Amino acid sequence: MKKLIYAATIILLISACKSNNSTLPIYGNKKPVTKTVNGKQVTDTIYQTIPDFKFVNQYGDTITGKNLDGKIYVADFFFTTCPTICPVMHRNMLPVYNEFKSNPDFRIISHSIDPKYDTVPVLKKYADKMGLSGNTWWLLHGDKDATYTIAKSYLTSVQEKNPQGNYVHDGYFILIDKQKRIRGTYMGTDPAEVEKMTADIKTLMAEPDQNPTK
Amino acid sequence: MKVKIIGCICFVVIAFAISCQSDERIEFNRYYSNGSTVYQAKCQNCHGIKGDGLQSFIPPLTDSLYLKNNKKTLACLLKNGLKGKVIINNKAFDGEMLPSGLTPLEIAQVLTYVTNSFGNKAATSTVETVNADLAKCN
């Protein structure tokens with residue numbers, strides 16, 4: 001009988017934890033700002049956000065931060081001729097694409113870090129081979145410096161070719177909310193972490209913050 | 001007592017079975033298990049843990065007929081890479097695989113592994129056959 005009570009308590013605790021876990025943390029730098037509202041001092045926290053950018057997708061369309069207004073999205077960095085981790089990352093990204101491709105408020109953006117080779121037609125060919133259609137998953141071509149700068153705002157690192165001729169990049173998937181804040185980072189080469197990301201995306205989509213009443 | 005006797009008999013049978021393994025079987029096992037390590041380190045990221053490739057981007061290694069028909073050139077393909085159109089499982093692939101940088105022994109090991117995994121079945125690729133095949137690469 002005692003055992004049963006313990007078991008019941010544990011189950012209760014676990015389920016309690018789960019239901020408490022209904023919002024994701026917010027990452028990045030934050031700074032408090034104090035403003036005066038109705039004669040009262042209120043302190044708000046301003047979170048780091050992804051700055052505006054301008055790139056071109058596989059269809060040749062210009063994509064700026066505006067195109068991601070009101071979207072929850074996942075960003076990563078890759079290049080089409082990557083011999084190492086990129087095939088693994090995008091193999092793992094495919095189930096995420098398939099899960100959310102019918103949701104108009106969701107995007108995946110993959111920045112190429114090799115713009116010299118990965119021109120728009122090359123990116124289109126890659127998209128076709130990966131079986132991507134529509135506008136859920138954009139492969140972005142852009143100025144190298146701009147790509148490397150935006151990588152920093154995603155708290156991720158990419159680097160020039162190393163002596164072996166490989167680009168160095170870390171394989172993270174970064175989850176961004178509708179307010180352009182960082183809500184999660186996941187190792188894109190690990191299927192378990194990517195499954196966690198899929199669960200987190202659903203949690204995020206259900207947050208009140210992400211569903212402003214119009 | 002009875003249990004002990006059964007235990008003894010089992011032991012003898014197992015020991016017999018192991019020692020009866022032919023030299024070829026032992027050679028195969030050695031190539032295969034080393035090949036599995038090479039595969040994980042050098043091929044799996046692209047061709048997948050089950051050899052199923054990646055969409056139309058990277059071909060699967062499950063086309064036994066392709067592997068059989070190209071048996072003599074697989075070693076060259078790993079040494080020099082592969083570019084252009086290939087038909088795998090009735091699907092066209094048009095990409096590029098870079099030279100693997102593997103030694104002839106590693107090529108033999110990984111080919112033994114690939115041609116005996118993912119539903120494929122073939123003879124051991126030995127370092128001798130691989131060296132002979134490599135001599136004929138064009």
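Which residues of helix 3 (residues 120–130) of chain A are buried? They are Leu123(A), Tyr126(A), Ala127(A), Lys129(A) and Met130(A). Seen down the axis of helix 3 of chain A, these buried residues fall within an arc of 165°, so they line one face of the helix. The model discussed here is predicted.

**Chain A as a whole**

- Chain A contains five helices and eleven strands.
- It has 214 residues, of which 42% count as buried.
- Among the contacts in chain A with a separation of 6 or more, 67% are between residues 24 or more positions apart.
- The accessible surface of chain A is about 11700 Å², and carbon and sulfur atoms account for 56% of it.

- An α-helix has 3.6 residues a turn, so residues three or four places apart point the same way.
- The cover over the buried residues of helix 3 of chain A includes strand 5 (72–78), helix 2 (86–100), strand 6 (106–112) and strand 7 (137–140) of chain A, and also strand 2 (91–97) of chain B.

**The interface of chain B and chain A**

- Chain B contributes 13 residues to the contact, and chain A contributes eleven residues.
- About 1000 Å² is buried between the two chains, with 58% of this area coming from carbon and sulfur atoms.
- Asn45(B), Leu54(B) and Phe57(B) supply 55% of the area that chain B buries against chain A, more than any other three residues.
- There are zero salt bridges between chain B and chain A, whereas eight residue pairs are in polar contact across the interface.
- On the side of chain B that touches chain A, the largest share, four residues, comes from helix 3 of chain B.

**Salt bridges**

- Side chains of opposite charge can pair when their charged atoms come close.
- The count over all chains is twelve salt bridges.
- Asp177(A), Arg181(A), Arg183(A), Glu207(A) and Asp209(A) are linked in a network of salt bridges.

Methods. Residues are numbered from 1 along each chain as its sequence is written. Chains are lettered from A and ligands numbered from 1 in the order in which they are written. This is a predicted model: local features need pLDDT of at least 70, side-chain atom pairs count only at pLDDT 80 or more; totals for chains, interfaces and linings use all residues. Side-chain values use heavy atoms; hydrogens and water are left out. Helices (H or I, at least four residues) and strands (E, at least two) are DSSP runs, numbered from the N terminus. Buried means under 20% relative accessible area, exposed over 50%, partly exposed in between (1.4 Å probe, protein chains only). Contact means heavy atoms within 4.5 Å. Accessible areas come from the Shrake-Rupley method with a 1.4 Å probe; for residues, only the protein chains shown count as cover. The arc is that of the directions from the helix axis to the C-beta atoms. Buried area is the accessible area (1.4 Å probe) that two parts lose on being put together, summed over both. A salt bridge is a side-chain nitrogen of Lys or Arg within 4 Å of a carboxyl oxygen of Asp or Glu. A polar contact is a pair of N or O atoms within 3.5 Å; within protein, one must be able to donate a hydrogen and the other to accept it, and residues adjacent in sequence count only if both atoms are side-chain atoms.
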